[in-house]
Amino acid sequence: MNVAGKHYRTIWLKANTPEIVQIIDQRLLPHEFRIVNLRTVDEVAYAIKEMQVRGAGLIGATAGFGMYIAALQAPRTNRDDFLASIIEAGDKLKATRPTAVNLEWAVERQKHAIVAVPSITEMIDIALHTAQTIANEDADFCRRIGEHGLSLIEAIAAKKQPGEPVNILTHCNAGWLAFVDYGSATAPIYAAHDKGIPVHVWVDETRPRNQGARLTAWELGQHGVPHAVIADNVGGHLMQHGQVDMVIVGSDRTTYTGDVANKIGTYLKALAAHDNDVPFYVALPSSTFDWTMQDGLRDIPIEQRNGEEVRQIYGRRENGETDYVLLTPEDSPVANYAFDVTPARLVTGLITERGICPASAEGIGQLFPDKMRVGSKSPH
Ligand code: MRU
């Protein structure tokens, strides 16, 4: 994706210094574009936990590179010590954020790859190769999500007057910042825009961290996609008045039965969409499916984050300085649930790298018969 005309991914190895991983500190966007170096497993764990990087796909890719850094740091005395250190690093990374299944998936995939080769040199090489494969796959899967999702936008556009935009509502940031490139929910939007189909995006601000207002609005703007930021509670009103043609959101974990965990507030948008006959699509790569989980409402772990995220809000003053300011009474208790679960019955369809399917075990199983091994913990 382009930032001021220069192509970026969200994670990469530093040029000529392959032991350093670089990321964009997303906490500072859109007011500052700062690149950060990651050299240790602790720095990687901090980056995920404190949301320098965030979004299911990018969390997975960062964990993949984190395991490569773990391999570089591990003691080279003997194989057992090396592997013990890798397992410890994997546990540390997995503990950072519980909801996005891509994190566990990437760590387990690295462990399988590393343990399968004999020497320590080969284990480091395979860890690097696997990290790069996870990142490249993520970008490629998102590009293909864009190709499949484009057909949905084209079908709506075909029913409109020439030049009339397709109005798409999205929640949080399931854009390229949430992945390695392209994004999931935004990939069909970028594909339509690039093809000359008029689109307009309603961007939910997405309290408490405002990923919509800060990140989605910024990346759509960088790409020249028409959009408007709306307060979180506006979507239902727009739907009642025919101003939303479709909703596309991302997912942090989707059960093999089609229940979707995504950023808090997604469920309310799905309810409003259902009530107003607005199609509600979820765009996700296969790495976001939990092939072991049947009941999302009961079993998906919902992250609860620091209450300061609710109490405070981050922004830029007129003099250009950025800061957090207190929003609530100083001593009001707060609750900060980061995700909710939208039941499969409210989801019109899932847009994946293999095509679009109903949000049901049957629908998902038809697209992914090779992965649908219910009860299996296999990362592949
Ligand atoms: O808390 P975040 O910013 O990591 O949450 C991100 C979202 O909820 C996205 O919508 C989700 O990851 C789907 S797109 C990868």
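A polar contact is a pair of N or O atoms within 3.5 Å; within protein, one must be able to donate a hydrogen and the other to accept it, and residues adjacent in sequence count only if both atoms are side-chain atoms. One example here is Asn262, where a polar side-chain atom lies 2.8 Å from an oxygen atom of the ligand. Welcome to this predicted model, in which local features need pLDDT of at least 70, side-chain atom pairs count only at pLDDT 80 or more, and totals for chains, interfaces and linings use all residues. Residues are numbered from 1 along each chain as its sequence is written, and side-chain values use heavy atoms, with hydrogens and water left out.

**Around the ligand**

- The ligand is surrounded by 18 residues (each with a heavy atom within 4 Å of it); the closest are Gly55, Arg97, Gln211, Asn262 and Lys263.
- Arg97 places a polar side-chain atom 2.8 Å from an oxygen atom of the ligand.
- For Asp252, an N or O atom in the side chain is 2.9 Å from a ligand oxygen atom.

**Helix H1**

- Helices (H or I, at least four residues) and strands (E, at least two) are DSSP runs, numbered from the N terminus.
- H1 spans residues 41-49, and its Val41, Val44, Ala45, Ala47 and Ile48 are buried, meaning under 20% relative accessible area with a 1.4 Å probe, protein chains only (exposed is over 50%, partly exposed in between).
- These residues sit on the same side of H1, because they cover an arc of only 160° around the axis, taken from the directions from the helix axis to the C-beta atoms.
- Their packing partners are strands E4 (17-24) and E5 (35-38), and helices H2 (56-73), H3 (79-94) and H4 (101-115); contact means heavy atoms within 4.5 Å.
- After H1 comes Met51, with a positive phi near 65°.

**The three-stranded sheet**

- An open sheet runs in the order E3-E4-E5 with antiparallel pairing, where two strands pair if DSSP finds at least two bridges between them.
- E3 (11-14) and E5 are the edge strands, each with a single partner strand, so one side of each has no neighbour in the sheet.
- E3 and E4 run antiparallel and are joined by four bridges; Ile11 has Ile23 in E4 as its bridge partner.

**Val199 in strand E7**

- Val199 belongs to strand E7 (residues 199-204) and counts as buried because its relative accessibility is 3%.
- Not counting residues up to four places away in sequence, Val199 touches several residues, including Ile153, Ile168, Ile189 and Val225.
- Ile168 is 31 residues from Val199 along the chain, yet their C-alpha atoms are separated by 7.3 Å.
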